[in-house]
Amino acid sequence: MPSPSAYPASAAGVPPSRRRRRSTRVLVAVALVALAVAAAAVAALAGSLGVAIGAAVAAALLGAVATRIVHTEVLQTRRDWARDRAQQARDYADLTETRTAEQALYVVSTTGRIARHEATIGRLETRLADAAAEVTRARDQLAEERTRARKEQERHRAAAKTAAANRERQAARLADAEERAAMAIVRVAELEQELDLVQAELNAWQSSHVEDRKHA
């Protein structure tokens, strides 16, 4: 945006040279009016008719000249004011054009920055969406892995329970088999003893029968 120094110089007022010229004209007019007043006073105080008429004519002429100077000064002031206003209007038009060009450049620059920012935001939003999708996929995979691991652990626990039950059944069967084997060994020993007794009795009976035959 333009600084305060960018405003037209004509807006500050009338140039110094023009003010000095106007001041000189006003002083001349005031001096002529003073002379006219002095001439009127002389005409009033003079006892001679010719002197009074001359003084009156001089006062009228001085007043007319002063009036003409003031009128000229007023017209010149109006023309200067009109010229100053026209120059000020041109200066303001140039300033407005400059400001418009600066504003257009600012708008173009701002629009470019906004477009770049929007493009950057779009890229970041796309990357954020991709990252969110990746996080979702990772979470799904993690949930699947956890489910699979839990099922595997449950399967291992079930297999361990089955193996323990099998081991317990095998141990029970082994113990039962060992008990039956021990009982069978005891029974065999008992049968062997009974067999030995029966054999001994048979041998004794046979011996006694042979002896009986011999005596007969």
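**Entry 1: R137 and E134**

I started in helix α2 (residues 49–215), where R137 and E134 sit three residues apart, about one turn of the helix. Helices here are DSSP runs of H or I with at least four residues, strands are runs of E with at least two, and both are numbered from the N terminus. The model is a predicted one, so I kept to its limits: local features need pLDDT of at least 70, side-chain atom pairs count only at pLDDT 80 or more, and totals for chains, interfaces and linings use all residues. Residues are numbered from 1 along each chain as its sequence is written, and side-chain values use heavy atoms, with hydrogens and water left out.

I found the side chains of R137 and E134 joined in a salt bridge, 2.4 Å from N to O. The rule I used asks for a side-chain nitrogen of Lys or Arg within 4 Å of a carboxyl oxygen of Asp or Glu. Side chains of opposite charge can pair when their charged atoms come close.

Next I looked up how open the two partners are. R137 is partly exposed at 44% relative accessibility, and E134 is partly exposed too, at 45%. For the cut-offs, buried means under 20% relative accessible area, exposed over 50%, and partly exposed in between (1.4 Å probe, protein chains only).

**Entry 2: other salt bridges**

How many salt bridges does the rule give? I noted six.

One of them pairs E152 with R155, with the closest N and O atoms 2.2 Å apart. These two are three residues apart in helix α2, so about one helical turn separates them. E152 is partly exposed at 31%, and R155 is partly exposed at 48%.

I also checked D176 and R180, whose side chains meet in a salt bridge at 1.8 Å, N to O. Both lie in helix α2, four residues apart, about one turn of the helix. Their relative accessible areas are 33% for D176 and 47% for R180, and I logged D176 as partly exposed and R180 as partly exposed.

**Entry 3: a nonpolar patch and a threonine**

Which residues form a nonpolar patch on the surface? I wrote down I53, V57 and L61, with about 280 Å² of accessible area together. Patches are built from residues with over 30% relative accessible area and no salt bridge; like charges are joined within 9 Å, and nonpolar side chains (Val, Leu, Ile, Met, Phe, Trp, Tyr) within 5 Å. I53 lies in helix α2 and is partly exposed at 47% relative accessibility.

Is T77 buried or exposed? I have T77 as buried, with a relative accessible area of 12%. T77 is in helix α2, and a polar atom of its side chain lies 2.6 Å from the backbone oxygen of E73.

**Entry 4: the whole protein**

I stepped back and counted two helices and zero strands. Of the 216 residues, 11% count as buried. The accessible surface comes to about 17,100 Å², and 63% of that belongs to carbon and sulfur atoms; areas come from the Shrake-Rupley method with a 1.4 Å probe.

Last, I checked confidence, given as pLDDT from 0 to 100 for each residue. The mean is 78, and 76% of the residues reach 70 or more. Over residues 1–14 the pLDDT is below 50, and this stretch has 21 contacts in the model beyond near neighbours in sequence. A contact means heavy atoms within 4.5 Å. Where pLDDT is low, the predicted coordinates should not be read in detail.

Definitions and conventions:
pLDDT = per-residue confidence, 0-100. Polar contact = N/O pair within 3.5 Å; in protein donor to acceptor, adjacent residues only side chain to side chain.
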